[in-house]
Amino acid sequence: MHDRPDQLEPETLLREISDLEGRIGELRQAAGVPEPDLRATLDAALVELELALTVLRTMGGEQSGEPGGSAAAENERRVLRTVFQDAPVPLFLLDRTTNVRRVNRQAAMLLGTSAGYVSGKQFTAFCDMATRAAVRSQLAAAIRTGQRRRVSVRFLGRDHPIDAVLTVARVWIRGEPDPMVVVAAGPTTTPADDGGAAASKAQAAGAARVRAADGGQGDDEAVATIVHRMDVLATASELLLDEPVFNETVAVRRCARLLAAELADWAFIDLTGPGNGGPPGGAQGGATRAGAAPALRRQVVMGPEDERSVEAARMLEEVDPAEDTLPHNVFVTRQSALRPHVENLDVLGMCPDGLPVCGKIGVTSVLSVPIEDGDRAIGTITLAASGEYGPFDLMDLGVVQRLGRYLALVIRAARLYRRRAEVADTLQAGLLPKTLPAIPGVSVAARYLTSTHGSEVGGDFYDVFRTENGWGLVLGDVCGKGEDAAAVTSTARHCVRLASRWKARPGDVLATVNDALLDEDRFVTAVMASLTLETERIIVSLGTAGHPPAIIVRADGVIRSASRGGVPLGLFEDFEAGLDTIDLSVGDTLILHSDGVLEACDMTRQEFGQERLLEALAGHAGKPPEEMLAGVERALLDFCDGDLRDDVSMLALRVEPPTLD
């Protein structure tokens with residue numbers, strides 16, 4: 001090693017100026033990271049000013065050198081390597097671009113990794129975000145001026161951050177065209193009561209790892225780490241499966257919150273929309289981009305709870321992963337990625353203000369895994385850490401990969417459930433009237449509640465329609481659920497409407513419907529009311545086919561049930577309905593309902609039953625039909641705690657006082 005003059009060739013000057021511009025940009029970013037080291041950043045900025053002045057003074061100068069490559073130089077290298085490896089302090093040898101060329105054993109032990117892993121990476125990738133830019137500037141100053149530099153740093157150790165003071169010196173090595181840098185890491189303080197020992201926290205951490213490798217206390221720590229990750233997986237399983245009805249939004253937010261609390265500082269979850277997914281079979285990136293890969297959309301960002309982080313998370317939730325980011329590449333290739341030490345701050349993309357996401361939130365370690373259900377990728381989970389608990393490792397990656405599969409299965413089930421529910425809602429809407437018609441002198445109200453169990457379309461239906469001599473009401477229930485039940489429901493409802501055009505009596509109408517349903521695999525219960533309107537009175541003819549009887553609430557509060565009778569429709573050819581006739585006066589109310597009202601159960605499996613229904617109606621007897629049915633609905637939901645085992649339908653008709661013209 002020997003010194004060389006500081007004059008620079010024109011090409012070298014241009015390279016120095018370009019590097020200087022890049023470092024100044026990094027200093028600006030460093031000032032904006034969480035908890036920046038402003039004093040170190042200021043010192044580094046002053047150094048950059050000195051470098052700029054030196055570059056201006058040396059423009060046009062020429063560099064001289066000495067030839068290398070002799071046998072003596074090779075011997076010198078051997079001696080240097082031996083001394084370098086056996087040095088009692090952590091040493092790093094960097095090239096002029098500050099990439100690590102070699103590290104000694106003490107340096108690898110300091111970082112808790114192997115020398116081979118460190119070599120070839122940017123030296124500043126092993127520094128925390130707050131000191132990274134300042135360290136880079138001091139390294140550049142040492143390379144340019146040849147003067148030794150000292151700078152404080154926080155290394156990203158395997159288990160925790162390690163504070164140290166770096167001594168930086170430029171060296172020329174024969175045979176190397178450019179200067180190199182030797183960096184020595186020393187302790188920040190020397191304990192006063194250690195008998196003169198100069199071991200730093202970094203060296204103590206290294207010694208602890210040596211003991212762990214020899215089967216010491218580190219074994220307990222390793223077991224604790226494994227147990228913790230198993231607990232995370234167990235907790236995730238409980239959180240994701242703890243919904244009585246699968247909910248994609250709830251599952252995604254629960255997963256992100258757990259990961260941000262237990263494994264990382266930040267958790268990002270990105271998904272494609274329902275029905276979209278990555279290429280099946282793990283197609284590679286180029287092929288996928290050539291086709292039209294579905295776009296990833298950011299769903300949730302979870303981070304620390306301080307005000308600045310919450311604001312950053314809100315902003316990052318609006319930033320979808322770009323094509324050149326790590327999450328997008330992981331999604332396209334379906335290959336997990338681990339970046340224990342982040343060198344490229346653009347790996348998670350850019351913020352709207354132009355800063356890299358990693359720089360904005362102080363990220364130094366990143367991993368990303370696909371969310372895939374075995375057939376296709378539907379998104380990614382990305383974790384980011386500031387290095388406070390050490391960089392991510394393969395164990396972290398394995399845990400998150402497993403969690404990604406869990407989440408994918410829950411999302412697939414949620415989307416399937418949602419699609420089935422949408423189909424059921426569409427079918428159900430077609431089985432019920434959109435609006436109830438206005439009947440002179442009568443007010444009509446209806447209520448329909450969907451079962452909370454399953455997503456299939458129910459078999460309940462009701463209708464209000466014109467008949468040959470007046471108006472008709474029908475309410476029925478098809479056995480079973482699903483598309484087949486919906487088809488039978490539609491047949492029954494429209495057949496009642498059609499038959500009522502030329503048959504006046506409910507018994508005859510229901511007999512016609514029975515004939516139409518004999519070829520179906522399901523039976524139907526129903527109750528039909530035919531209304532004959534008179535002045536201040538309505539004559540109601542009732543026909544019942546194995547259905548709960550109608551209820552009459554008189555204006556004076558007296559409640560009675562109509563007669564039962566009949567058999568369900570679609571079972572026997574010799575059908576006969578149960579018949580009844582009722583006179584309704586002003587203020588009287590007719591109630592039709594399905595058996596879902598009576599069969600709703602509480603936690604003890606006790607049914608709501610007829611008596612509770614009559615009590616609920618009596619409690620709201622003087623109110624309009626809409627409020628009467630609303631009161632029954634509240635009583636029913638309170639009784640079963642909102643857990644309806646079957647669909648519920650109710651229809652109410654009241655005779656109103658005549659209006660004065």
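Me: Why is Asn104 called buried?
Reply: This is a predicted model, and in it Asn104 has a relative accessibility of 1%. Buried means under 20%, so Asn104 counts as buried. Asn104 sits in the loop between β2 (100-103) and α4 (105-111), and it touches Phe84, Gln85, Ala87, Val89, Pro90 and Leu91, leaving aside residues up to four places away in sequence.

Me: What makes the Asn104 side chain and the backbone nitrogen of Leu91 a polar contact?
Reply: A polar atom of that side chain lies 3.0 Å from the Leu91 nitrogen.

Me: Why is the pair of Phe123 and Phe155 called edge-to-face?
Reply: Their planes are at 85°, and over 60 degrees counts as edge-to-face. The centres are 6.0 Å apart, and pairing needs them within 6.5 Å, so the label holds.

Me: What does that pair tie together?
Reply: Phe123 lies in the loop between α5 (115-118) and α6 (129-145), and Phe155 in strand β3 (residues 149-156), so parts 32 residues apart in sequence are tied together. Ring pairs also link Phe92 with Phe123 and Phe155 into a cluster.

Me: How do you know that Phe572 is partly exposed?
Reply: Phe572 has 44% relative accessibility. Buried is under 20% and exposed over 50%, so Phe572 falls in between and counts as partly exposed. With Phe523 and Leu571, Phe572 forms a nonpolar surface patch of about 270 Å² accessible area together.

Conventions: Residues are numbered from 1 along each chain as its sequence is written. This is a predicted model: local features need pLDDT of at least 70, side-chain atom pairs count only at pLDDT 80 or more; totals for chains, interfaces and linings use all residues. Side-chain values use heavy atoms; hydrogens and water are left out. Patches are made of residues with over 30% relative accessible area and no salt bridge: like charges are joined within 9 Å, nonpolar side chains (Val, Leu, Ile, Met, Phe, Trp, Tyr) within 5 Å. Accessible areas come from the Shrake-Rupley method with a 1.4 Å probe; for residues, only the protein chains shown count as cover. A salt bridge is a side-chain nitrogen of Lys or Arg within 4 Å of a carboxyl oxygen of Asp or Glu. Buried means under 20% relative accessible area, exposed over 50%, partly exposed in between (1.4 Å probe, protein chains only). Helices (H or I, at least four residues) and strands (E, at least two) are DSSP runs, numbered from the N terminus. A polar contact is a pair of N or O atoms within 3.5 Å; within protein, one must be able to donate a hydrogen and the other to accept it, and residues adjacent in sequence count only if both atoms are side-chain atoms. Contact means heavy atoms within 4.5 Å. Rings of Phe, Tyr and Trp (its six-membered ring) pair if their centres lie within 6.5 Å; planes under 30 degrees apart count as stacked, over 60 as edge-to-face and the rest as tilted.
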